[in-house]
Amino acid sequence: ALHPLSMRISFRMVPSSTAHSSPRSTRTLKTAVLAGLASLTLTIAQAAEPTQWQVPLAGNTYQTASPKASDDRVTRDGSLRWQDDRTVFSIFVRVDRPAALDLVLPLNVPEGESVIRTTASGWSSDTVVSGTDVHDVKLGRVEVKTPGYVRIDLSGIRKTGPVFAKTSSLKISSDADGLQLDYVRHNEDN
């Protein structure tokens, strides 16, 4: 069996007396070469699927900034109670090597529209979110330069409804070959 990124290339020698044959055989050869290249491209594209992790917020998220009177928190069921724009929730994961991490937040906004800021490893991005049904929202790509813990901060910038968003996990994906991502898998007994 071949590794998903390996390929077999075979050549067939054509005697010089037949190398300059009819236009039809030339078209056939061109068609065969193009079909082979298309197949190779498809194989490589399929093999390059990124590894994905769904990181529960419970056990991996801490409220690292909040006003004293705020009721914001990570609830027992692992979802965020998130109403105050001064609250910062920090999600921690660990990587075993430098890697690009794509961040996606499954969420819903029960009412109105919100702007959420994501910050990690010197990168920051604001994302407008809305929609009452749970859906995936792409937050962006973080370039992690060194192995170790990665802190991913979520903060609310503005909202037109009573809460910024409802969410209970963060999806992380990477196409870094063999990347190990460590995090708390579940919040049982915490």
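Q: How many residues are in the largest nonpolar core, and which have the most contacts inside it?
A: This is a predicted model. Its largest nonpolar core has 32 residues, and Ile 152, Leu 170 and Ile 172 have the most contacts inside that core.

Q: Which strands supply at least two residues of this core?
A: At least two residues each come from β1, β5 (88–95), β6, β7 (113–120), β9, β10 (148–159) and β11.

Q: And which one gives the most?
A: Strand β6, with five residues in this core.

Q: Back to Leu 170. What is it in contact with, leaving aside neighbours within four places in sequence?
A: Leu 170 is in contact with Trp 53, Gln 54, Val 55 and Leu 57, then with Ile 91, then with Leu 103, Val 104, Leu 105 and Pro 106, and also with Leu 139 and Ile 152.

Q: New topic, the sheet. What is the strand order in the open sheet of four strands?
A: The order is β1-β11-β6-β9, and the pairing is antiparallel.

Q: Which strands stand at the edges?
A: β1 (51–56) and β9 (135–144) do. Each has a single partner strand, so one side of each is left without a neighbour in the sheet.

Q: How many degrees are neighbouring strands turned against each other?
A: On average 25 degrees in this sheet, with direction ignored.

Q: How many bridges join β1 to β11?
A: Six, with β1 and β11 (residues 169–174) running antiparallel. Thr 51 has Ser 174 of β11 as its bridge partner, and Trp 53 stands opposite Ile 172 in β11.

Q: What about β6 and β11, how many bridges there?
A: Three, again in the antiparallel sense, with β6 covering residues 99–107. Leu 103 stands opposite Ile 172 in β11.

Q: Is β11 largely enclosed or open, and why?
A: Largely enclosed by the rest of the structure, because five of its six residues are buried.

Q: Now Ser 174. Where is its place, and is it buried or exposed?
A: Ser 174 lies in strand β11. It is buried, with a relative accessible area of 1%.

Q: What does its side chain reach?
A: The Ser 174 side chain reaches the backbone oxygen of Ala 100 at 2.8 Å. It also reaches the backbone nitrogen of Ala 176, at 3.1 Å.

Q: Which residues does Ser 174 touch, not counting those up to four places away in sequence?
A: Pro 50, Thr 51, Trp 53, Ala 99, Ala 100, Leu 101 and Leu 179.

Q: Zooming out, how many helices and strands are in the protein chain?
A: Two helices and twelve strands.

Q: What share of the residues is buried?
A: Buried residues are 33% of the 190 in the protein chain.

Q: Last one. Of contacts between residues at least 6 apart in sequence, what share joins residues at least 24 apart?
A: In the protein chain, 74% of those contacts do.

Technical notes:
Residues numbered from 1 in each chain as written. Predicted model: local features only at pLDDT ≥ 70, side-chain atom pairs only at ≥ 80, totals over all residues. Heavy atoms only, no water. Buried < 20%, exposed > 50% of the residue type's maximum accessible area, 1.4 Å probe, protein only. Contact = heavy atoms within 4.5 Å. Pairing = 2+ DSSP bridges. Axes fitted to C-alpha atoms, helices over the stretch in contact; angles between N-to-C directions. Core = buried A, V, L, I, M, F, W, Y, C linked by side-chain atoms within 4.5 Å. Polar contact = N/O pair within 3.5 Å; in protein donor to acceptor, adjacent residues only side chain to side chain.
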